[in-house]
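User: Got the model open here. Can you walk me through the packing, starting with the helices?

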Number of protein chains: 2
Amino acid sequence: MDQVFTTDPVVEGVHFLHGEIPERIGNKAVGRVLSDIAAMGARPQWLLVNVVAAPGTEMEYLEGIYVGMSALCSRFGATIIGGDLSKGAQLELHLFGTGLLPSGSALLRSGAKAGDSVCVTGVLGGSSAGKHLDFIPRVEEGIFLRETGLVNAMMDVSDGLATDLRHILAQSKVGADLDAEAIPVVDGLNAALYDGEDFELLLTTSDPGSLQAQWKDRFGSGLPLIGKITEEGGVLRLDGEVVESKAYEHFSNHNQGERNE
Amino acid sequence: MDQVFTTDPVVEGVHFLHGEIPERIGNKAVGRVLSDIAAMGARPQWLLVNVVAAPGTEMEYLEGIYVGMSALCSRFGATIIGGDLSKGAQLELHLFGTGLLPSGSALLRSGAKAGDSVCVTGVLGGSSAGKHLDFIPRVEEGIFLRETGLVNAMMDVSDGLATDLRHILAQSKVGADLDAEAIPVVDGLNAALYDGEDFELLLTTSDPGSLQAQWKDRFGSGLPLIGKITEEGGVLRLDGEVVESKAYEHFSNHNQGERNE
């Protein structure tokens, strides 16, 4: 077996607002890490949690976060095995997770091939309406997709479809042309492209017909085909028009406000 | 083989002061994690790092931290394989580390037996003079101690000898009587008992003679014997007098100031 590792921060004022329901914060923190693991097609295994909290934080509030974390872990057979607590100006959770999968089978961002179809596991753009707190990571879907042997590249959508697809394009040295009409959206196309934190899986396959049929058998729903991989290294197009890069930057000076809040 | 996991936060204003030399912060962050791994007798393997930084933090400063982290990793064959970056009010590093050791051989806090000798790998109490930033974790010493097969319980001293030894007493359901004269100190006995962040290894053995002889052969120095494990569950004595508990508490209301600064 191969072991995969990931780490993710969830910070007050960046990933959630002060006073958010603690169980939702816990769900998001664990969900992000499980989504990273799912994006490689791995099965989650162990988690560790560092908590930073302001002096005076109610223990009951921290317990609520643990309830949210534990509930999502249980659902997918993951176990929180440790962590640490420190004080700081704002509430933060830093999660570390491991996953397992058969040796050499991890799905990476670097496997997309010109001519592949681009698919996504669900509706994009709902993060500002609260999905970024309440989402269920696509763990079973990620494992299933790996097991089909039909997926060439995969990742999770955590920064918006346009931004994340560029990572696949860069690492696979290919381009893509998206079909605007085919992208399943809520809140419009712009939210789907740039809002981030959908935590759906984004993947490419050279056999979309077989993959969609197997997906339908397993999950009873469609696996939307939203575009094609092209030979134009690094170029992202939408209905043939070039899409310029527009990513959320934590340290930019022209930051338009907190992320997803 | 068994795999061990640990996580440790290093937070500005708690574990170091604003403006500290970045390489020292990096050394401390990695050192704490490697010390946790060493305390079980394991060999360090992988590390992941979450960084939280205030907007406007100089990239050069963060690079200095990575230089300090990488230098200590190299020394002990550990590798930083990933991490994440977020913004927040103060600079923080959250390190996650893994280590390896033969199956079932991890040294725990729960193995101390009445009649054991208590030993420590070096001088205690220098953390306020800067040792807490510049220390070298006892990785080789931890592995050596495990391999002797003579150690019953072990941990690293991160919160002061008195506080940390109580963890061994609680988990092993034993007591201890320390010999004040035998404790190797700098800055006096009080600093050794309560200052914390010495990152020496604290251990118990039922065969101190053989252990000290093997230690001398390997490292050319002494392994100070500083006390005895007793049958008095949870009771810590110093020259026969009971020592009351006095731990640093992150969330206490009667906090006497920042830790170790």
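User: Why are α4(B) and α7(B) oblique to each other?
Analyst: Their axes cross at roughly 140 degrees, so α4(B) and α7(B) are oblique. The cut-offs: under 35 degrees is roughly parallel, over 145 roughly antiparallel, 65 to 115 roughly perpendicular, and the rest oblique. Axes are lines fitted to C-alpha atoms, for helices over the stretch in contact, with angles from 0 to 180 degrees between N-to-C directions.

User: Before we go on, what am I looking at?
Analyst: It is a predicted model: local features need pLDDT of at least 70, side-chain atom pairs need pLDDT 80 or more, and totals for chains, interfaces and linings use all residues. Residues are numbered from 1 along each chain as its sequence is written, chains are lettered from A and ligands numbered from 1 in written order, and side-chain values use heavy atoms, leaving out hydrogens and water.

User: OK. Which residues of α4(B) meet α7(B)?
Analyst: E140(B), E141(B), F144(B), L145(B) and T148(B). From α7(B) come L211(B), Q214(B), W215(B), R218(B) and F219(B). Contact means heavy atoms within 4.5 Å. By class that is five nonpolar, two polar and three charged residues. Here Ala, Val, Leu, Ile, Met, Phe, Trp, Tyr, Cys and Pro are nonpolar, Asp, Glu, Lys and Arg charged, and the others, Gly among them, polar.

User: Where do these two helices sit in the chain, and what is the hand of the crossing?
Analyst: α4(B) covers residues 139-148 and α7(B) covers 208-219. Their axes come within 11 Å. Helices (H or I, at least four residues) and strands (E, at least two) are DSSP runs, numbered from the N terminus.

User: Switching to chain A. At what angle do α1(A) and α2(A) cross?
Analyst: Roughly 40 degrees, with the axes coming within 7 Å. α1(A) and α2(A) are therefore oblique too. Their crossing is right-handed.

User: What is in that contact?
Analyst: From α1(A), residues including I25(A), G26(A), V30(A) and L34(A). They face a set in α2(A), among them Y61(A), G64(A), G68(A) and L72(A). The contact divides into 10 nonpolar, five polar and one charged residue.

User: Now sheets. What is the strand order in the sheet of four?
Analyst: β1-β4-β2-β3 in chain A, an open sheet with mixed pairing. Strands pair if DSSP finds at least two bridges between them.

User: How many bridges join β2(A) to β4(A)?
Analyst: Eight, and the two strands run antiparallel. V51(A) has L93(A) as its bridge partner in β4(A). α1(A) packs on this sheet, touching β1, β2 and β4; its direction makes about 145 degrees with that of β1(A).

Notes. A crossing is left-handed if the near helix is turned anticlockwise from the far one by less than a right angle, and right-handed if clockwise.
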